[in-house]
Amino acid sequence: MMKFSYGLVFILALAACSNPTKEAPAGTYYDLKSYIEQQISQLKSQQPTVLKQAGFGDEKEQQKTKDIDWSRELDLFLQADINKQAYQASYLKNRPDSLTYEYTLKPGEKLPVQVLRIELDSVTHQPRLVKATLRTRNSLYESERNVWLESENGAVKHYHMEGFQQLAWLDQKRFLIDGQIGEY
């Protein structure tokens, strides 16, 4: 269990390493950061029960808990925000319908967010589904994180993060975090 905890801390520490950049002018891309920050604030104040599954490598555990650091738990969704000045011209934009935003990294660009898709609820116009793929690769380290969250009436109900990390001299380690928010 201790090995699992250190592994999870290692993943979260690596996930938190990102270069701060300036915000883009309003409207460049969907403002995912504000939505996630609002959700973090609500979840901190509500302290809901979460049925959470977490795994690192071959070890997995499941628990019901109210003790969650929401800023850390949803950090990968903040990292999926592409509304940064340095990213302004780096993504292809697609609007398959009036409720869906799709952003795909342009060929030749080297940014962590590869794909971001946001589907809005037709009534609340808040995200009902957010999906992203983040990838980091250099000579020492490689990681891929696939994340998604589902919301109902503007509030997060289910979130999921899975992927792998690999240091050049070590085997690939897979991870999984899945949380269902509700009354259990």
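Modeller: Gladly. In the protein chain, residues 24 or more positions apart account for 49% of the contacts with a separation of 6 or more, a contact being heavy atoms within 4.5 Å. This is a predicted model, where local features need pLDDT of at least 70 and side-chain atom pairs count only at pLDDT 80 or more, while totals for chains, interfaces and linings use all residues. Residues are numbered from 1 along each chain as its sequence is written, and side-chain values use heavy atoms, with hydrogens and water left out.

Biologist: How many helices and strands does the protein chain have?

Modeller: There are four helices and nine strands. Both are DSSP runs numbered from the N terminus, helices being H or I with at least four residues and strands E with at least two. From the N terminus on, the order is α-α-β-β-α-α-β-β-β-β-β-β-β.

Biologist: What makes S1 and S2 a pair of strands?

Modeller: Two strands pair if DSSP finds at least two bridges between them. Seven bridges join S1 to strand S2 (residues 59-65), so the pair qualifies, and the two run antiparallel. S1 and S2 form a hairpin with two residues between them, and Gly-57 in the turn has a positive phi of about 65°.

Biologist: Which other strand is joined to S1 by seven bridges?

Modeller: That is S9, which runs antiparallel to S1. Val-50 stands opposite Ile-181 in S9.

Biologist: Why is S1 called mostly covered?

Modeller: Buried means under 20% relative accessible area, exposed over 50%, and partly exposed in between, with a 1.4 Å probe and protein chains only. Five of the seven residues of S1 are buried, so the strand counts as mostly covered. For the protein chain, buried residues make up 44% of the 184 residues.

Biologist: Why is Gln-47 called partly exposed?

Modeller: Its relative accessibility is 47%, which falls between 20% and 50%, so the label is partly exposed. Gln-47 is found in the loop between H2 and strand S1 (50-56). Gln-47 also has a positive phi of about 45° although it is not a glycine.

Biologist: What makes Glu-102 and Arg-117 a salt bridge?

Modeller: A salt bridge is a side-chain nitrogen of Lys or Arg within 4 Å of a carboxyl oxygen of Asp or Glu. The closest N and O atoms of Glu-102 and Arg-117 are 1.9 Å apart, so the pair meets that limit. The pair links distant parts of the chain, with Glu-102 in strand S4 (residues 100-105) and Arg-117 in strand S5 (residues 113-120), 15 residues apart. As a general point, side chains of opposite charge can pair when their charged atoms come close.

Biologist: How many salt bridges does a search of the whole structure find?

Modeller: The search finds six. Among them, Arg-117 and Glu-119 meet at 2.7 Å, N to O. Another joins Glu-119 and Arg-128 at 2.5 Å, N to O. Salt bridges that share partners join Glu-102, Arg-117, Glu-119 and Arg-128 into one network.

Biologist: Is Glu-119 buried or exposed?

Modeller: Glu-119 has a relative accessible area of 11%, under the 20% limit, so it is buried. Arg-117, at 25%, counts as partly exposed. Arg-128, at 39%, is partly exposed as well.

Biologist: Which residues touch the most other members of the largest nonpolar core?

Modeller: They are Trp-70, Phe-77, Tyr-91, Leu-116 and Tyr-159, out of 37 residues in that core. The largest share of this core, five residues, comes from helix H2 (residues 32-46). The term nonpolar core describes a set of buried Ala, Val, Leu, Ile, Met, Phe, Trp, Tyr and Cys residues joined through side-chain atoms within 4.5 Å. Not counting residues up to four places away in sequence, Phe-77 touches residues including Leu-32, Ile-36, Val-130 and Trp-148.

Biologist: Where does Leu-170 lie?

Modeller: Leu-170 lies in the loop between strand S8 (155-167) and strand S9 (173-181). Its relative accessible area is 45%, so it is partly exposed.
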